[in-house]
Amino acid sequence: MGVETTRPGVGTELPPLEIPITRTLIVAGAIASRDYQDVHHDAELARQKGSPDIFMNILTTNGLVGRYITDYFGPTAELRQVAIRLGAPNYPGDTMVLTGRIEELDGEQGTATVRVVGANGLGNHVTGTVTLTFAEAMVTVTVTDEADS
């Protein structure tokens, strides 16, 4: 077996993260962020206001984007700026897939800017960029079987 070590750089695609959109996630996110708007927890009132169901709030989306970035960059990552825009709503029963691409990276300074997109069955739910700092060197290690080489 051999070990291949690579250092992510500009253009590196982050692995996708699939997030099932459940009623519990939507309601818990709204409660955790103290967003008590009825469209985030009461399906009947959401329908009366023109929505087919309850939908995720921006603060929950912001938190999920942050989780996605820190899962990749590790526990030393500190989000410095999260600039996102919402598009298609996240409704219960759908799945949001977060993807990212490193747009800027300074390994010596420990800074990065990542372009993030979160898509669901209706289209792009969230688009934007995250700027962060991190203390540990970014290294991806892949173990390969020498017989396959």
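**Figure 1. Burial and surface of the chain.** Of the 149 residues in the chain, 34% count as buried; buried means under 20% relative accessible area, exposed over 50%, and partly exposed in between, with a 1.4 Å probe and protein chains only. The accessible surface of the chain comes to about 8400 Å², and 51% of that belongs to carbon and sulfur atoms. Accessible areas come from the Shrake-Rupley method with a 1.4 Å probe, and for residues only the protein chains shown count as cover. This is a predicted model, in which local features need pLDDT of at least 70 and side-chain atom pairs count only at pLDDT 80 or more, while totals for chains, interfaces and linings use all residues. Residues are numbered from 1 along each chain as its sequence is written, and side-chain values use heavy atoms, with hydrogens and water left out.

**Figure 2. Secondary structure along the chain.** The chain has three helices and seven strands, in the sequence pattern β-β-α-α-α-β-β-β-β-β. Helices (H or I, at least four residues) and strands (E, at least two) are DSSP runs, numbered from the N terminus. Among contacts in the chain with a separation of 6 or more, 68% are between residues 24 or more positions apart; contact means heavy atoms within 4.5 Å.

**Figure 3. The five-stranded sheet.** Five strands form an open, antiparallel sheet in the order β2-β4-β5-β6-β3, where two strands pair if DSSP finds at least two bridges between them. β2 (13-20) and β3 (78-86) stand at the edges with a single partner strand each, so one side of each has no neighbour in the sheet. Neighbouring strands of this sheet are turned by 20 degrees against each other on average, direction ignored. Axes are lines fitted to C-alpha atoms, for helices over the stretch in contact, and angles run from 0 to 180 degrees between N-to-C directions.

**Figure 4. Strand β2 beside β4, and helix α3 on the sheet.** Six bridges join β2 to the antiparallel strand β4 (residues 95-106). The bridge partner of E13 in β4 is R101. Helix α3 packs on the sheet and touches β2, β3, β4, β5 (111-120) and β6; the direction of α3 makes about 135 degrees with that of β3.

Figure 5. Rings of Phe, Tyr and Trp (its six-membered ring) pair if their centres lie within 6.5 Å; planes under 30 degrees apart count as stacked, over 60 as edge-to-face and the rest as tilted. By this rule there are two aromatic pairs. The Y72 and F73 rings have centres 5.1 Å apart and planes at 80 degrees, so this pair is edge-to-face. For F73 and F134 the centres are 5.4 Å apart and the planes at 40 degrees, so this pair is tilted. F73 lies in helix α3 (residues 58-73) and F134 in the loop between β6 (123-133) and β7 (140-144), so the pair ties together parts 61 residues apart in sequence. Both F73 and F134 are buried.
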